[in-house]
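Below are some notes for a colleague who works with computed models. Please read them alongside the coordinates.

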Amino acid sequence: MRGLELGTWDAVQSGLPSADRHILVQSDDDTVVVYQAFDAEISAHAVAHGAFGGHAWRQDRVSAIRLSLTDVLHRSNWGQDVGEERILAIRIKRAGFDSLLRQAIHREFQEGLYDTKRSWQLATRYSQVSIEWGPDRDLNGAALGRQTARFGMRHKALQNFATTWIDEVIDLTGWLKGVRNRRDLQVPIVAIYPVGDEGLVDRLTYRGT
């Protein structure tokens, strides 16, 4: 499979934290890889054009991306759920990903991070990006001790993601179906993303007081 750096599950996990919240991605100097499951029509357009669009794509809704491939596989039942038949790896420009991080507001109220629940509600009303944390998953869908992030996007953020931020769209569906039950299944190599702003990292990964 082209486009992604892969390693065995055990080898990849050996270098990763086993607990807490971390922004774990495959990245290089210019791009970051994220994942999502879409229906066949949306996916076909994205792969063919290197951007999201066409009759089935809706710009007036919230769309989400996930940082963990195994999280997407678990939530889409390995591409078997209706409307999530195609698993895509989406390589986006690093500047775009950094913009998502800076804009993200927690989808759920985090006491101690926002002054009041009202201030958080106002922030979510005007923000174009949300962040939500949940357990990362192993190859069988079992929850791991660490958590992975999901980003919801709308309005201009979604438009930028769907068009100008995309560097490459990789359809993983056929490859995953062929290797699902193989004991030597490889997964994308990931590492903690170098945000560079400790205050931003603390805000994004905040778990309450």
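1. At the start of helix 2, a side-chain oxygen of aspartate 39 comes within 3.2 Å of the backbone nitrogen of glutamate 41, where a polar contact is a pair of N or O atoms within 3.5 Å, one able to donate a hydrogen and the other to accept it, with residues adjacent in sequence counted only if both atoms are side-chain atoms. Helices (H or I, at least four residues) and strands (E, at least two) are DSSP runs numbered from the N terminus. After helix 2 comes glycine 50, with a positive phi near 65 degrees.

2. This is a predicted model, in which local features need pLDDT of at least 70 and side-chain atom pairs count only at pLDDT 80 or more, while totals for chains, interfaces and linings use all residues. Residues are numbered from 1 along each chain as its sequence is written, and side-chain values use heavy atoms, with hydrogens and water left out.

3. Helix 2 (residues 40-49) has Ile42, Ser43 and Ala46 as its buried residues, buried meaning under 20% relative accessible area, exposed over 50% and partly exposed in between, with a 1.4 Å probe and protein chains only. These residues lie on the same side of helix 2 because they cover an arc of only 95 degrees around the axis, taken from the directions from the helix axis to the C-beta atoms. The face turned away from that buried side carries the exposed residues Ala48 and His49. The cover over the buried residues of helix 2 includes strand 4 (31-38), strand 6 and strand 10, contact meaning heavy atoms within 4.5 Å.

4. Across the whole structure, a search finds eight salt bridges, each defined as a side-chain nitrogen of Lys or Arg within 4 Å of a carboxyl oxygen of Asp or Glu. One of them pairs aspartate 171 with arginine 86, with 2.6 Å between the closest N and O atoms. This pair links distant parts of the chain, since aspartate 171 is in strand 10 (residues 166-171) and arginine 86 in strand 6 (residues 86-93), 85 residues apart. Aspartate 171 counts as partly exposed, at 27% relative accessibility.

5. Salt bridges with shared partners also join Arg66, Asp71 and Arg75 into one network. Arginine 66 and aspartate 71 have their closest N and O atoms 3.2 Å apart, and aspartate 71 meets arginine 75 at 2.8 Å, N to O. Aspartate 71 and arginine 75 both lie in helix 3 (residues 69-75), four residues apart, about one turn of the helix. Arginine 66 is buried at 13% relative accessibility, as is aspartate 71 at 2%, whereas arginine 75 is partly exposed at 38%.
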